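Biologist: I'd like to learn how to read a model like this one. Could you show me the structure and start with a single pair of residues?

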Amino acid sequence: METFLQTLASGILIGGLYAIIGIGMTLIMGVLNIINLAHGQILMISMYITWVLWHYFGIDPYMSIFITIPTVFLIAEGISKYFLHPLIDKDSILPENQVLMTVGIGMVIMELARTIFTSDFKSISPTTTLRGEKIDIPGYLQNSIHIANISISIPLLIAFSISIFLTLGLFLFLTKTDKGRSVRATAQDKGAAALMGISTAKITILTYGIGSALDAAAGSLLLPIYYLYPDVGPIFTVKAFVITILGGLGSTVGAIFGGLILGLAETFGATYISMGYKDAVGLIIFLLVLVFFPGGLKRFTKV
Amino acid sequence: MSILEIDGLTKHFGGLTAVDHVSFEVQEGEILGLIGPNGSGKTTLFNLINSFYTVSSGKIIFNKQDITHLKTNEIAKAGIGRTFQVVKPLKRLSVEDNVMAGAFARENSFSGAREVAHEVLKFCHLDDYSQMKADSLPIGGRKRLEIAKALATRPSLLLLDETAAGLNPTEVVEAIQIMKNIRDELGITIIIVEHIMKVIMTISDRILAIAHGSTIAEGKPEIVAQDPAVIQAYLGSEFNIGDHFNA
Amino acid sequence: MTNNTQNGFFKLTKFEFTAIAIIMISPLLFSWSMYFQGLLIIVMLWIILGLSWNLMAGYTGQVSFGHAAFFGIGAYAAALPYFHWRISPWWGLITGPIVAVAFGYFLGKLVFKLKGPYFALGTLASGEILRIIFGEEELITNGHNGIFYMTTWTSKLPYFYIAAALAIFSILIIRKIIQSKLGFYFLSIREDQDAAEALGIDTVKYKNLSLAISAAMAGVAGAFYMIYMGFIDPEVVFALHNISIITILVGIIGGVGTIWGPAVGAIVMIFIQELFRSSLFGLGPEWLSRLHSLVFGALVVLIILYMAGGIVGDWPIIANKIKSWKNKTEGQS
């Protein structure tokens, strides 16, 4: 029973973090109508920035969100504007041209990381040296709180809370602001949105930025609980699309449930089946959903 | 002898009944005109006959064979060719290759298919364009390419969906001539949907008028054109039938 | 399209004859280096994989993001009978494609129901699932320890000629297909599935056929990889990036939907890799050697942006540009 509750708690917490990765992906899918195979690599950029900020400047990983989100947002805007958007009018044999471009971009990001940081595994070290002074990592990053016999890691708890906070912020943006409404309109029907006077080109580029910014937040939150190396990107790209398929392409509420389901499936898979099958569990659920419920959870949530 | 029998054909889309118990027969060698205001169910009828949509109820008999539940490709192989209102060329292939792709329905060899393609291209006045890429054809050529692709499958019944729409007057005359030749020289039965009344009045042997998914009149062109129900259907949709017939 | 003429299976154009002749003598030119001969073998493998992907994606319009699945299955079809019963991996050249086709048959049932991005994701997931399963099922596959086999010959030459024969045979098969009813049907499906159905083309059947041929070729490549390398593990043969994605990139660089595209793509990819790995053959600074994948990725991005047809597909445009550039410089002098 204890194991069960412990697994349940970790699953939900990591699921909350997965949810914002999924929401970022689903926004991009909804508006650009492509799968973004550079999603995990963009998350990795944020992880490396967070790592550098801690390692060389002693900045608390959670504070670095204020730097990673705008930086990654700008990088993504550039990618979208100069690399994805020009392809819309290009005639090519494969309709998946933009998807293939994200593959190329993902590879470039990955290899840049390898060139700059080598292939070594990195993680948040307990201490770092800044101008000859030793700085210890904030204590809360290494502790857990205990409720009954269940221990909950504080970094995971913080990540979960910030994820919820960001998700709420995104919902406010999408429902209460003009820009946000334009994003939703463009996702629903590009042609109609354009007729209503929305510059769909601008919204499309903006959306790639917003989706990637959520990704960036997830990157900073992940670093304290995960390893970092140049090949980490594809792992999260795969997770992101599993979540989006579970939730139904383009559905933000669906992505939250998709994230939670993946989080739970992974932790339960790791506890009750085997550690190695952790990643397969998500994929198998994914393939089953793809085949038997092609609309994902969207048919139940209708959002 | 009737080549096609439609019996009580019905199609529901959710709560909407797009085609409602339509029944008619087409005689071998006949040209049947299908008219009706926009949204009356003409194209839906074509999509039911060639199985793009599944039939809700009713029967389609072609050459004494029940084809109601066959797949689209099986219907094409059975001998029903069709064109699309919004043309569907195989864009990156040459005009000749487009037609060859159709010809392979009855030919297995490359040279055989090419021979068929050459004949069909000539027949549709496309022989000068044969090496052009299909998506660089002008609109008149694209419409004729639709016919050519369908003809290459060697159908015994051809469904033509607004093949004259968007053409200039000279091209319309050319299109009428081609359609007539298809019936007279190749002996292929035709059902034609057309908004340009000049086309439908000159070449149809018989006209079937439908509105809101049901048959409202059937008979010789002159008679159907005078039918009060037909005039009502067009006027009801703010259509001046007089203008329409002179167009 | 170059469909207007039909060639006999072994009737080669001048270009094709020259290309094949160059392939045949190439290892002799590199007889001083086992390393370069090894690279030529790898080029042949990538040609087969590229052709396999291109048949499905470039000619039939079904873009697979999981071709490693077929490659890996081919490799394990050669390796597992050896691992369990000491049956020679060479049999894999026959069993590899058969098992890959069987797997493709079931995969097709699942993924061809899916449209657009769902199809891409379905194929991607299939490769990933196999990678994890083959890694975990140690009793059957020896898991991450992989499978070893003492290779038959130490010389590279026999391997090269077998690989080259397989690659050339694959090119001729693809060429034959493209100039036949099958090829026209594949292209029709790529261009417009509704129009294809209306022309009497059973799109489900022909998509599966394209998948089967593609799977068989990738399966052969996988089996040969096992025979030649003498070692496989799931992370290598089912790799998402190093196999599935690179296969796509080879296709794009060479030219999607062209017969010689994959060959050109494979050569360009290995050439860039070696050029940089060796720091411009020892002429450049050492740090260049770490950039090979980066340069390759950047090249892909540029090709998609500026040469959507790939090197072979856009060759007429490239040739024109070179010509006008030559004329210009000659005019100036």
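Modeller: Gladly. In this predicted model, L4(B) stands opposite F62(B), a residue of strand β4(B).

Biologist: Which strand of chain B is joined to β4, and by how many bridges?

Modeller: The partner is β1(B), residues 2-13, and five bridges tie it to β4(B), residues 57-62. These two strands run antiparallel.

Biologist: In what order do the strands of that sheet lie?

Modeller: Reading across the open sheet of chain B, the order is β2-β1-β4-β5, four strands with antiparallel pairing. The edges are β2(B), residues 16-27, and β5(B), residues 65-66. Each has a single partner strand, so one side of each is left without a neighbour in the sheet.

Biologist: Which helix packs on this sheet, and which strands does it touch?

Modeller: That is α1(B), residues 42-49, which touches β1, β2 and β4 of chain B. The direction of α1(B) makes about 70° with that of β2(B).

Biologist: Let me step back to the whole of chain B. How many helices and strands does its secondary structure come to?

Modeller: Chain B has 10 helices and 10 strands. Its radius of gyration is 18 Å, close to the 18 Å that the globule rule gives for 247 residues, so chain B is as compact as a globular protein of that length. Along the principal axes, its C-alpha atoms fill a box of roughly 50 × 40 × 35 Å.

Biologist: Now chain A, please. What do β1 and β2 of chain A form?

Modeller: They form a hairpin, with two residues between the strands. In the turn, R131(A) has a positive phi of about 45°. Strand β1(A), residues 127-130, is joined antiparallel to β2(A), residues 133-136, by four bridges. One pair to look for is L130(A) with its bridge partner E133(A) in β2(A).

Biologist: And how are two packed helices described?

Modeller: By the angle between their axes and the distance between the axes. Take α5(A), residues 154-176, and α6(A), residues 178-188: they pack at an angle of about 80°, with axes 5 Å apart. Angles of 65 to 115 degrees count as roughly perpendicular, and α5(A) and α6(A) are therefore roughly perpendicular to each other.

Biologist: Which residues make that contact?

Modeller: From α5(A) come F173(A), L174(A), T175(A) and K176(A), while α6(A) brings G180(A), V183(A) and R184(A). By class, three are nonpolar, two polar and two charged.

Biologist: How should I think about the size of an interface?

Modeller: It is often given as the accessible area lost when the parts come together. Here we can go by the residues in contact. Between chains C and A, 36 residues of chain C meet 40 residues of chain A. On the chain C side, α2(C), α5(C), α12(C) and α14(C) each give two or more residues, and the largest share, 12 residues, comes from α5(C). That side has 25 nonpolar, seven polar and four charged residues.

Biologist: What about chain B with chain C?

Modeller: There, 23 residues of chain B are in contact with 21 residues of chain C. On the chain B side, α2(B) and α3(B) each supply at least two residues, and α3(B) gives the most, with five residues. By class, this side of chain B has eight nonpolar, seven polar and eight charged residues.

Biologist: Finally, what confidence values come with the model?

Modeller: The predictor gives the complex an ipTM of 0.90 and a pTM of 0.89. For chain C, the mean pLDDT is 90, and 97% of its residues reach 70 or more.

Methods
Residues numbered from 1 in each chain as written. Chains lettered and ligands numbered in written order. Predicted model: local features only at pLDDT ≥ 70, side-chain atom pairs only at ≥ 80, totals over all residues. Contact = placed C-beta atoms within 7 Å. Nonpolar A, V, L, I, M, F, W, Y, C, P; charged D, E, K, R; others polar. Pairing = 2+ DSSP bridges. Axes fitted to C-alpha atoms, helices over the stretch in contact; angles between N-to-C directions. Parallel < 35°, antiparallel > 145°, perpendicular 65-115°, else oblique. pLDDT = per-residue confidence, 0-100. Rg over C-alpha atoms; globule rule 2.2 N^0.38 Å.
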